[in-house]
Amino acid sequence: MQVSWKQRLIRYAHAKDQSKALVRTRWDFPKTVLGHRIILRESMNSNLDWLQKLKGDVLRDEMLYSHTSLRIGGPADVFIYPKDLNDLQIIFKNAGTHPIFLLGEGTNLLVGDAGIRGIVVSLKNSFRSVHETELPSVSEENQRVLIKADAGVKTSYLAKRTARLGLTGLEELAGIPGSIGGSLHMNAGAEGKEIGTLVKQVTLLTPDGDIKTISKEDIKFGYRSAIYPFPVGAIVEVQLELDKENPVIIQNKIAGYLDKRKNTQPLNLPNSGSVFKNPVDAKAGKLIEDAGLKGYSIGDAGISLKHANFIVNKGNATARDVTKLIKLVQKEVKEHSGYELEKEIIFAGI
Ligand SMILES: Cc1cc2nc3c(=O)[nH]c(=O)nc-3n(C[C@H](O)[C@H](O)[C@H](O)COP(=O)(O)OP(=O)(O)OC[C@H]3O[C@@H](n4cnc5c(N)ncnc54)[C@H](O)[C@@H]3O)c2cc1C
């Protein structure tokens with residue numbers, strides 16, 4: 001568990017914003033390395049012996065840029081891949097005052113240059129199973145199947161798997177690069193379809209580590225939001241109801257949607273999808289373009305030339321560059337058209 005000073009130096013050498021990436025957890029570390037200031041971190045000094053009870057992997061100072069699609073983000077104090085639900089419960093029941101951040105595929109995130117203080121949990125190694133069960137058919141034409149998917153399953157994988165099985169419902173979401181847990185948290189959507197419309201039940205952990213299963217009627221799904229009747233610690237499993245359909249028709253639809261994305265989104269550069277929500281009566285991308293900001297950059301963070309609602313990382317962009325650019329876009333769009341753009345991406349450690 002203890003990360004050697006040498007390892008820390010290696011991570012430091014690979015960090016993007018070197019003035020902030022390396023943070024001290026012990027008083028006896030030097031205050032500077034190669035002329036760069038090391039920030040003192042005090043948040044994880046209390047007893048973490050309970051981490052030894054976990055079966056899953058526990059990492060210290062894991063650099064989060066390698067876990068985000070924008071390729072930005074400093075270290076997490078503690079990064080855990082829980083092995084199973086019991087591990088996840090141990091984390092929530094023992095974390096005490098240490099904040100816990102649930103990381104999905106990191107495709108809708110801007111993580112700060114100094115990283116995230118506390119515990120970051122990733123379900124992507126172990127929460128990956130999918131089960132299909134035929135539901136009693138109402139009629140010959142209306143045959144439904146219940147899909148149980150763990151929160152760490154990728155949405156795109158589930159869409160392709162269900163398409164192969166001749167199950168329709170997820171094809172519009174096949175190009176969304178996140179996990180099912182993240183998609184549910186965001187009520188991700190595309191082409192007029194939102195994941196919330198397919199949900200039957202959700203199993204989650206409360207912040208106290210208790211397991212609860214709730215049905216769709218208990219969740220208030222909105223545009224890129226889902227409101228639960230009580231605080232949520234982690235989404236663990238989702239049950240979706242899908243209809244049967246000819247697999248060729250479904251797969252053709254998926255191919256069409258993926259093609260459209262390739263032509264309209266900057267998929268060749270690190271990004272985090274749409275940065276801003278679309279106002280009710282306008283498209284954020286068009287508003288940004290009309291404000292003359294397409295291609296505008298701060299540091300290596302730029303407004304994509306292909307889609308103005310995407311910020312791309314052209315190499316060594318920092319979270320600071322991106323937040324500055326977001327503020328500038330909001331100011332310029334407000335001045336130009338009067339619209340107040342609300343951000344869609346989630347800030348973590350900022
Ligand atoms: C190229 C590209 C295209 C995109 N296109 C779309 C699109 O068409 N439509 C759309 O809606 N989005 C789109 N996105 C954004 C993103 O893919 C979705 O919002 C996705 O659902 C986020 O899932 P994630 O697993 O990456 O979540 P993360 O980005 O890791 O996290 C997002 C939020 O969900 C929370 N979270 C994640 N997992 C859990 C869990 N198990 N329990 C509780 N909370 C959790 C996190 O704490 C965070 O608050 C796109 C992104 C990219 C990069």
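Analyst: First, a term: two strands pair if DSSP finds at least two bridges between them. Helices (H or I, at least four residues) and strands (E, at least two) are DSSP runs, numbered from the N terminus. Residues are numbered from 1 along each chain as its sequence is written. The model is predicted: local features need pLDDT of at least 70, side-chain atom pairs count only at pLDDT 80 or more, and totals for chains, interfaces and linings use all residues.

The part to look at is strand 9. Strand 9 covers residues 116–122. It belongs to an open sheet of four strands, ordered 5-6-9-7, with mixed pairing. At the edges sit strand 5 (57–63) and strand 7 (100–103), and each pairs on one side only. From one strand to the next, the twist averages 30 degrees. For such angles, axes are lines fitted to C-alpha atoms, for helices over the stretch in contact, and angles run from 0 to 180 degrees between N-to-C directions.

Now the partners of strand 9. Strand 7 runs parallel to strand 9, and four bridges join them.

Is strand 9 enclosed or open? Six of its seven residues are buried, so strand 9 is largely enclosed by the rest of the structure. A residue is buried if 20 or more other C-beta atoms lie within 10 Å of its own, exposed if 12 or fewer, and partly exposed in between; C-beta atoms are placed from the backbone. Across the chain of 350 residues, 40% count as buried.

V121 leads on to the core. The largest nonpolar core has 77 residues, and V121 is among those with the most contacts inside it, along with I235, V238 and V322. A nonpolar core is a set of buried Ala, Val, Leu, Ile, Met, Phe, Trp, Tyr and Cys residues joined through C-beta atoms within 7 Å. In soluble globular proteins, nonpolar side chains tend to be buried together.

Setting aside neighbours within four places in sequence, V238 is in contact with A149, A151, I180, L184, V199 and V202. Two residues are in contact if their C-beta atoms, placed from the backbone, lie within 7 Å. Among contacts in the chain between residues at least 6 apart in sequence, 65% join residues at least 24 apart.

Strand 7 gives two or more residues to the shell around the ligand, as do helix 5 (180–186), strand 13 (189–190), strand 19 (234–244) and strand 20 (271–274). Helix 5 gives the most, with five residues. Of the 33 residues around the ligand, G104, G178, G181, G182 and G273 come nearest. A residue is near a molecule or strand if its C-beta atom, placed from the backbone, lies within 6 Å of it.
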